[in-house]
4 protein chains.
Amino acid sequence: MGIVLGDNSYGKAETRLVFVDRAAPQHRIVDFNVTTALSGDLAATHLTGDNTDVLPTDSQKNTVFAFARDGVGEPEDFAARLARHFVESQPAIRSATVDIESYGWDRMTVGGAPAHHSFVRAAGTRTASVTYDGTLSVSSGITDLVVLNTTGSEFWGYPKDPYTTLAETKDRVLATAVTARWRHRAGSDWAVSHAETLRLLLETFAEVHSLSLQQTLYAMGRRVLEEREEVAEIRLELPNKHHIPVDLSPFGLDNPGVVFHATDRPYGLIQATVTRDDA
Amino acid sequence: MGIVLGDNSYGKAETRLVFVDRAAPQHRIVDFNVTTALSGDLAATHLTGDNTDVLPTDSQKNTVFAFARDGVGEPEDFAARLARHFVESQPAIRSATVDIESYGWDRMTVGGAPAHHSFVRAAGTRTASVTYDGTLSVSSGITDLVVLNTTGSEFWGYPKDPYTTLAETKDRVLATAVTARWRHRAGSDWAVSHAETLRLLLETFAEVHSLSLQQTLYAMGRRVLEEREEVAEIRLELPNKHHIPVDLSPFGLDNPGVVFHATDRPYGLIQATVTRDDA
Amino acid sequence: MGIVLGDNSYGKAETRLVFVDRAAPQHRIVDFNVTTALSGDLAATHLTGDNTDVLPTDSQKNTVFAFARDGVGEPEDFAARLARHFVESQPAIRSATVDIESYGWDRMTVGGAPAHHSFVRAAGTRTASVTYDGTLSVSSGITDLVVLNTTGSEFWGYPKDPYTTLAETKDRVLATAVTARWRHRAGSDWAVSHAETLRLLLETFAEVHSLSLQQTLYAMGRRVLEEREEVAEIRLELPNKHHIPVDLSPFGLDNPGVVFHATDRPYGLIQATVTRDDA
Amino acid sequence: MGIVLGDNSYGKAETRLVFVDRAAPQHRIVDFNVTTALSGDLAATHLTGDNTDVLPTDSQKNTVFAFARDGVGEPEDFAARLARHFVESQPAIRSATVDIESYGWDRMTVGGAPAHHSFVRAAGTRTASVTYDGTLSVSSGITDLVVLNTTGSEFWGYPKDPYTTLAETKDRVLATAVTARWRHRAGSDWAVSHAETLRLLLETFAEVHSLSLQQTLYAMGRRVLEEREEVAEIRLELPNKHHIPVDLSPFGLDNPGVVFHATDRPYGLIQATVTRDDA
């Protein structure tokens, strides 16, 4: 019985690339956090420290910056360019995954007019993940998108085991920080696809009368698959950011769903994939 | 020569209060992080552990929730209610400071119409700090407001000591995370005052052609004092979030101000108060 | 073509349990962060909001606390108790995974003697992950264990592509934050197994003359498999926390490997599994 | 009434300096996070963007690295060297403050013997803050030192106002993350002074039978002033990291002080200075 190398990869994490497009008087800005991960015939460096096939992670970082010189475009496209490059230019590399976080910036308004070169950082992060191993696999996503419904959420009818003390409720605050990632089965206009998918996720969150966070999650995913032909499947991770109604009765006060304590930990965590039955 | 108790305070930090206003069909939401700090005749508990005058921090937390039952309003008003209460109800307490972080939520849009009960967390945090010691002192502020100019910023003409290697520049990216706090010399409509002060800070950041971040800071503060009579003085803390142009020449590429590395540490840190000469 | 529910789970994340063992005059303390995740026949709640099979995450939290009443023991054992319980007591639940972070506390010394009831939080976090689906699968691990070699690390002989500017080095600082997770193929004395595995990881990090971080990683994993029969395989994630020698030549100074800039981002990230060829 | 510049400073925050002392076969390591802040005649850059007197923060960073070339020593000494340098070499600068966080590393043990060049990051952070404005003012401190007593802490006898629901207790867990800063009135062996002060703080925390966290705080400060002649005064900030006994009665279980929920927010926050009456 021997000891062997299993799955492995290496790369450069979190290269913070900012690109300014000065082509028009109204500048545009792209703000990315790029992570590369390469795998392939890399046994030598693990077993003997022979680095013949180990393109330095520093070179990977340089590639990110150099490739940006001609323009960056959508994160899915930029990630694909990089992933293809590493596989096609490095003989030992069989697969490359490039993950990008894209931070949003809103153009400032000055005196009612859009500013030419001034921006404010927006909430939420768009993500893209592309793997190239001869074939391209493209996913898009979002993270850190915090949403809340003040009503329209119930939770009851659950089993009561000996450790259950939770009271059933027909009206609660439902809040979560959406992390979603959807895999594309076809290319598309990535910007339009992302904006529309995001719109569908938010609108569904707002419209569903929720009996459980699982129901909300599934409805969000199903809606995306129904409306976006290019999406093969979607994975959602929804922490249940509990808002506990405060018991004000010791102070002679009622609390008709108005005063809540927003707690940090513990929190529910709901995770599911919604997919196509041929996916 | 003896050992004595000096300045001291105690309180409850970071009570996370969420208030839902259901009065109208379109719900409204208030999301606060409340910190109380009391001081006064508190030597006994320090010297002997006699807690006769130590209102528990747990009671302070309860007070935050109970006071919210009737509505919260602007953070400056809610902080003042609390601060007055602790001083007026606790004989030993001479001064109370209540600090509030207020997190913004944008109403969602569904099918083009504003949602009734659904919200998305916005970027940036509004702050208020109120001290009551018989007299009210009210400050307002913002924090974590990240802004960026893609051009219109220079830095040159500085002294070159033996440790100076920085190249002068007539065009750089200028980015910062604004923390500001302004003291009021008169009451006002807090919501309007805050919105207008924030607008003035942002517009000035966008409009100033900057020769140093100090110049931008001072212009931001001066503009607020010029336009907002109710503001006595303003303190700004501006980290210089460096965006370093990447040297692409090793790759045979120029970089005409388009590709930047956004670095984390170290960072410049500029801090100043802009005040009135009678303040 | 239909839309269907894929992989899913739900549970309570980050229940912060502290257990005090008062049995002996020298108290002992256990400090856990417990996350439960259940999966099984949970389609109903996703599709229709029928919660008949959804044991509340609040009950899962309560179970963590209640089970601790009789003592906690090693994190692997406590996780296994919980995982078994959820599967065996909830008809719809087919699999339960319980992840535990265990924070270390050092007993204080007072006047040279060990304190009876006073502790200082130590660095590093021990982890355990147990899945029960009829069979138990037990993994142990560590995270946030930051280690550094001041010498004994080289990096050279790598391919130079057009984006490579990195200089080869025969002597560099090597620093990383070890995250490791090893799967057991047999039960054992978890405390001894963990302590010995940790010792082997650290000693190997110290002893290997490293030609690449991959070589160090593999040697660490191999050593554990060689010495610990109960370990089936081990996965290591090693961020390369770069320490860049500062170029002091502009100031007329050399830098013989003494002055370094510890950078945050980007960082190399090396990940690999070392396994047995029959695992 | 005019608008004027008030208090201001600028500098470089968080320069991450690591120094390796290779003089002996057993290497030593110094790991600092250095922040510089300069103030003086800096009106010009604020008012007109004239940078004649603004030594770049980049130069300040370079100075940190260059000064380290000859050895670093204790953080108090290194901060003093830097602070003096900026004031004495820059005509416009009247005062410089240098803050240092010093991270601890424990030497690894390999086969029972101390390693020559391998280290593990320890918990807790030592701090130093030095201001030079013609006179040196030196403070030392610690931060992020988390300590816990499993017993020996009571809290009762406090006022019960209408918002008080807290139950009195004769035995609770007391946990806090110590941040302390003490000002020196005389130079001393900084390393010995720091180690001894830290020992006194920890031992006092362990030994005091506490009726309030304020009492513990004051005892800790007083002990330092009693034993360390070189310390003029000490400021302590002690968050009360609440460990709430879990009510297990719904599950038919008692809880004799063994099962606790460690909560995040809100938390008590106790702050006080202990000083000499001639300080």
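In this predicted model, the contact between chain A and chain C draws 73 residues from chain A and 73 residues from chain C.

**Chain A and chain C**

Chain A is superposed on chain C by a rotation of 180° with 0.0 Å of shift along the axis, at an RMSD of 0.0 Å. The two copies are therefore related as by a two-fold rotation axis. Both copies use the same surface, since 100% of the contact residues of chain A recur in chain C.

Together the two chains bury about 6,200 Å², and carbon and sulfur atoms account for 56% of that area. On the side of chain A, the residues that lose the most area to chain C are Ile3(A), Tyr163(A) and Tyr218(A), which together make up 11% of what that side buries.

Two salt bridges cross the interface of chain A and chain C. Glu14(A) and Arg265(C) form a salt bridge in which the closest N and O atoms are 2.8 Å apart. Between chain A and chain C, 38 residue pairs are in polar contact.

Several elements of chain A give two or more residues to the side that touches chain C: the strands β1 (3-13), β2 (15-21) and β11 (267-276), and the helices α1 (43-48), α2 (57-68) and α5 (213-227). Of these, β1(A) provides the largest share, 11 residues. By class, this side of chain A has 27 nonpolar, 30 polar and 16 charged residues.

**Chain D and chain C**

At this interface, 53 residues of chain D are in contact with 53 residues of chain C. The buried area is about 4,700 Å², with 64% from carbon and sulfur atoms. Arg22(D), Arg69(D) and Thr150(D) supply 14% of the area that chain D buries against chain C, more than any other three residues.

Four salt bridges are found across the interface of chain D and chain C. Arg69(D) also takes part in a salt bridge, with the side chain of Asp254(C), at 2.7 Å from N to O. The polar contacts between chain D and chain C number 24 residue pairs.

Elements giving two or more residues to the side of chain D that touches chain C include β2 (15-21), β4 (93-110), β6 (136-149) and α4 (190-207) of chain D. The largest share, seven residues, comes from β5(D). This side of chain D divides into 32 nonpolar, 13 polar and eight charged residues.

**The two domains of chain A**

Chain A is divided into domain 1 (15-134) and domain 2 (145-275). Seven residues of domain 1 and five residues of domain 2 make the contact. The C-alpha centres of the two domains of chain A lie 31 Å apart.

No salt bridges are found between domain 1 and domain 2 of chain A, but two residue pairs are in polar contact across their interface. On the side of domain 1 that touches domain 2, α3 (75-89) and β5 (113-132) of chain A each supply at least two residues. β5(A) gives the most, with three residues. The residues of this side comprise no nonpolar, two polar and five charged.

**Buried areas**

| Interface | Buried area | Carbon and sulfur share |
|---|---|---|
| Chain A and chain C | about 6,200 Å² | 56% |
| Chain D and chain C | about 4,700 Å² | 64% |
| Domain 1 and domain 2 of chain A | about 560 Å² | 57% |

Conventions:
Residues are numbered from 1 along each chain as its sequence is written. Chains are lettered from A and ligands numbered from 1 in the order in which they are written. This is a predicted model: local features need pLDDT of at least 70, side-chain atom pairs count only at pLDDT 80 or more; totals for chains, interfaces and linings use all residues. Side-chain values use heavy atoms; hydrogens and water are left out. Domain bounds come from an automatic or database domain assignment. Contact means heavy atoms within 4.5 Å. Buried area is the accessible area (1.4 Å probe) that two parts lose on being put together, summed over both. A polar contact is a pair of N or O atoms within 3.5 Å; within protein, one must be able to donate a hydrogen and the other to accept it, and residues adjacent in sequence count only if both atoms are side-chain atoms. Helices (H or I, at least four residues) and strands (E, at least two) are DSSP runs, numbered from the N terminus. Ala, Val, Leu, Ile, Met, Phe, Trp, Tyr, Cys and Pro count as nonpolar, Asp, Glu, Lys and Arg as charged, and the others, Gly among them, as polar. Copies are superposed by least squares on the C-alpha atoms of residues with pLDDT of at least 70 in both.
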